Amino acid sequence: MAEEAIKLGGKKKSIFMDKVKELLPEGGNLNLCLTCGACSSGCPATGLEGMDPRKFLRMAALGMDEEILSSKWTWMCTMCQRCIYVCPMKIDIPQLIFNTRAAWPRDKRPKGILASCDMALRTETRSAMGTTPEDFEFVVNDVVEEYQEAQPEFKDMKAPIDKEGAEFFLNQNSREPVTEPDEMVPLWKILHLVGADWTYGSKGWAGENYCMFLADNDAWKTLASTMAGQADKLGCKTYLNTE
Amino acid sequence: MVKNIYEYYAKWIREGKLKVNSDWNKDLKIKFTVQDPCQIVRKTFGDPIAEDLRFVVKSVVGEENFVDMVPNRSNNYCCGGGGGFLQSGFKEQRLEYGKLKDAQIKATGADYCIAGCHNCHAQIHELSEHYGGNYPVVHMWTLICLSLGILGPNEREYLGDDLKEVLVFHPETAM
């Protein structure tokens, strides 16, 4: 004869995953897991830190809050969403990860990401490398003038900053103006040849947003608002991502 | 409205505004594969932009010189450069993560990998060196301008030696 079933006493405790569910549309489907493992089998982060997406979600569902909130794996998942793409229940594991990141004390989050976010908060260009509007303007003008001269076929090529009413508001990863400015030129040439009406913004030209990776909601909103706000202020119809 | 430039590259080629062609690669037969950046493909615009990206690549390097990764498009794997991984300090784990991407690229037999995103570019570049594949990793704009014959000598940072001297625009300006 079977032993008597074990009865679990006490009230259901509030767990971290329930808080995340409240934040997401349809609760991110976080309680719909069929444990099939499609997520983990196609996740490049499977095995790092002895973790994988299914395991992380099961631990969250079991209320193992201390373990999931201290796991460094949360910084090794890139939130690439391939797990959602293959999931039969479309479970939003990346949002669970994002909110786990957000639950870390800010100063304990990875220093590199933190520093890039803080740097972008310091200048309205929102460059994670701290490039100021003046530095950006100098580099862009310097390079465009150099190429107008050196390659006369492109003597009319422009790289405008804050051109009002331009169709495209173009962003640029900080890496180019800061470390390899010549790499901006092929892009400008293409835009010149097709006759695109485009501009950079003195504010918000930077394409990167490390505050989002840091899971600092106020900060990433600040960055995104500067970028979108400058495009709106100039009356640009299209915010064009160059990557 | 937020758009990605890959859609426009494809549109401008279709409209005849960007007169690219792949003649430069007819005899060279240099093979290319392309990474589908998660942020641009799976997370934002889906398979249609992955098709645009392939249309651009094939127009520029020649259809017969393009080899797709498996899996691909929205089903492709992340390279491990996204989500802040490059800045997180977990280098060893990041390279381990990227092993899958490196294996995918090597399996295509391609000489080059095109990366349409800076995080992908930095990560795959590092994977190429770390795992010894030594395939160059290039931006799309470089190849578009190469095929148009307007790529100068100082705009070739990421091209391999096999392409450093091909169709050089204003070679006298080399620095």
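Biologist: Which residues of helix 10 of chain A meet helix 6 of chain B?

Modeller: Contact here means that two C-beta atoms, placed from the backbone, lie within 7 Å. Helices (H or I, at least four residues) and strands (E, at least two) are DSSP runs, numbered from the N terminus. From helix 10 of chain A come Pro186(A), Leu187(A), Lys189(A) and Ile190(A). They meet Trp141(B), Thr142(B), Ile144(B) and Cys145(B) in helix 6 of chain B. By class, that contact holds 6 nonpolar, 1 polar and 1 charged residues. Ala, Val, Leu, Ile, Met, Phe, Trp, Tyr, Cys and Pro count as nonpolar; Asp, Glu, Lys and Arg count as charged; the others, Gly among them, are polar.

Biologist: What kind of model is this, and how are residues and chains labelled?

Modeller: It is a predicted model: local features need pLDDT of at least 70, side-chain atom pairs count only at pLDDT 80 or more, and totals for chains, interfaces and linings use all residues. Residues are numbered from 1 along each chain as its sequence is written, while chains are lettered from A and ligands numbered from 1 in the order in which they are written.

Biologist: How is the packing of two helices described?

Modeller: By the angle between their axes and the distance between the axes. Axes are lines fitted to C-alpha atoms, for helices over the stretch in contact, and angles run from 0 to 180 degrees between N-to-C directions. Helix 10 (residues 185-193) of chain A and helix 6 of chain B cross at roughly 60°, and their axes come within 8 Å. The two helices are therefore oblique to each other. The cut-offs: under 35 degrees is roughly parallel, over 145 roughly antiparallel, 65 to 115 roughly perpendicular, and the rest oblique.

Biologist: Is that crossing left-handed or right-handed?

Modeller: Left-handed. That label applies if the near helix is turned anticlockwise from the far one by less than a right angle; clockwise gives right-handed.

Biologist: Which helix of chain A passes helix 6 of chain A in a right-handed crossing?

Modeller: Helix 1 of chain A. Helix 1 (residues 16-23) and helix 6 (residues 93-103) of chain A pack at about 110°, with axes 10 Å apart. They are therefore roughly perpendicular. Met17(A), Val20(A) and Leu23(A) in helix 1 meet Gln95(A), Leu96(A) and Asn99(A) in helix 6. That contact has 4 nonpolar, 2 polar and no charged residues.

Biologist: Now sheets. In what order do the strands of the open sheet lie?

Modeller: Strands pair if DSSP finds at least two bridges between them. Here 4 strands run in the order 2(A)-1(A)-3(A)-1(B), with parallel pairing. Strand 2 (198-199) of chain A and strand 1 of chain B stand at the edges, each with a single partner strand, so one side of each has no neighbour in the sheet. Strand 1 (residues 168-170) of chain A is joined to strand 2 of chain A by 2 bridges. There, Phe169(A) stands opposite Thr199(A).

Biologist: How many bridges join strand 3 of chain A to strand 1 of chain B?

Modeller: 3 bridges, with the strands running parallel. Tyr239(A) has Val2(B) as its bridge partner. Across the two chains, 44 residues of chain B are in contact with 41 residues of chain A. On the chain B side, strand 1, helix 1, helix 2 (41-45), helix 4 (91-108) and helix 6 each supply at least two residues. That side divides into 19 nonpolar, 18 polar and 7 charged residues.

Biologist: Next, burial. How many residues of helix 1 of chain B are buried?

Modeller: Buried means 20 or more other C-beta atoms within 10 Å of a residue's own; exposed means 12 or fewer, and partly exposed lies in between, with C-beta atoms placed from the backbone. In helix 1 (residues 5-14) of chain B, 7 of 10 residues are buried. Among them are Tyr6(B), Tyr9(B) and Trp12(B). The buried residues pack against strand 3 (238-241) of chain A, together with strand 1 (2-4), helix 3 (47-61) and helix 6 (140-148) of chain B.

Biologist: Is Gly84(B) buried or exposed?

Modeller: Gly84(B) counts as buried, because it has 25 C-beta neighbours inside 10 Å. Its place is in the loop between helix 3 and helix 4 of chain B. Leaving out residues up to four places away in sequence, Gly84(B) touches Ile113(A), Tyr210(A), Phe213(A) and Leu214(A).
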